[in-house]
Amino acid sequence: MRALIVDDSRFVRSYLRGLLEPKGIECEEAADGQAGLDMLHSGLDFDVALLDWNMPTMNGLEMLKHMRSEGYSETKVLMVTTEAENDFIVRALDAGADEYLMKPFDEEALTDKLFLLGLEA
């Protein structure tokens, strides 16, 4: 199983990697949405993409819209963001996000979301 972690915070990328790799999930990282799309275009298959909303160059919502319009429908998308207002959640889900996790979060919350996505036993 492979995850794409897209967040402009190196700390958050490292934190997510530290939670996912012990579960046997291989991780790749990108610092913004454009770099995330470039990773998708590289030919690697990803089971899940964890996207921050607020990033330079291309934000997570824009990346999500590109992913879905380009046919990356099999890749589950978990928005992982500080944006907690209902409007943000609705916009993300309408754009094709599968789940939404608000920062700050802990391992249990991430595990619960992975389970809901069918990625965690």
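The model is predicted. The largest nonpolar core has 24 residues, and a second, separate core has 18. The structure also holds three aromatic pairs.

**Helix H2**

- Helix H2 spans residues 33-41, and its buried residues are Gly33, Gly36, Leu37, Met39 and Leu40.
- Viewed down the axis of H2, these buried residues fall within an arc of 155 degrees, so they line one face of the helix.
- The packing partners of the buried residues of H2 are strand S1 (2-6), strand S2 (26-30) and helix H3 (60-69).
- At the start of H2, the backbone nitrogen of Gln34 has a side-chain oxygen of Asp32 within 2.9 Å.
- Gly43 follows H2 and has a positive phi, near 100 degrees.

**Nonpolar cores**

- In soluble globular proteins, nonpolar side chains tend to be buried together.
- Within the largest nonpolar core, the residues that touch the most other members are Leu4, Leu51, Met63, Leu64, Met67, Val77 and Met79.
- At least two residues of this core come from each of S1, H2, strand S3 (48-51), H3, strand S4 (76-81) and helix H4 (86-95).
- Leaving aside residues up to four places away in sequence, Leu64 touches Leu51, Val77, Met79, Ala92, Ala95, Gly96 and Ala97.
- The second, separate core includes Leu19, Ile25, Leu50 and Val80.

**Aromatic pairs**

- Phe11 and Tyr15 form a stacked pair, with 6.3 Å from centre to centre and 10 degrees between the planes.
- Both residues of this pair lie in helix H1 (residues 10-20), four residues apart, or about one turn of the helix.
- Phe11 counts as exposed because its relative accessibility is 63%, over the 50% cut-off.
- Tyr15 has a relative accessibility of 30%, between the 20% and 50% cut-offs, and therefore counts as partly exposed.
- Tyr15 also pairs with Phe105 in a tilted arrangement, 5.5 Å centre to centre with 50 degrees between the planes.
- This second pair links distant parts of the chain, 90 residues apart: Tyr15 is in H1, and Phe105 is in the loop between strand S5 (99-102) and helix H5 (107-116).
- Phe105 is buried because its relative accessible area of 12% is under 20%.
- Through these ring pairs, Phe11, Tyr15 and Phe105 are linked into a cluster.

**Charges over rings**

- The charged end of Arg2 sits over the ring of Phe46, 6.0 Å from the ring centre.
- The charged end of Arg91 sits over the ring of Phe88, 5.5 Å from the ring centre.

Terms used:
Residues are numbered from 1 along each chain as its sequence is written. This is a predicted model: local features need pLDDT of at least 70, side-chain atom pairs count only at pLDDT 80 or more; totals for chains, interfaces and linings use all residues. Side-chain values use heavy atoms; hydrogens and water are left out. Buried means under 20% relative accessible area, exposed over 50%, partly exposed in between (1.4 Å probe, protein chains only). The arc is that of the directions from the helix axis to the C-beta atoms. Contact means heavy atoms within 4.5 Å. A polar contact is a pair of N or O atoms within 3.5 Å; within protein, one must be able to donate a hydrogen and the other to accept it, and residues adjacent in sequence count only if both atoms are side-chain atoms. A nonpolar core is a set of buried Ala, Val, Leu, Ile, Met, Phe, Trp, Tyr and Cys residues joined through side-chain atoms within 4.5 Å. Rings of Phe, Tyr and Trp (its six-membered ring) pair if their centres lie within 6.5 Å; planes under 30 degrees apart count as stacked, over 60 as edge-to-face and the rest as tilted. A charge sits over a ring if NZ of Lys or CZ of Arg is within 6 Å of the ring centre and within 35 degrees of the ring normal.
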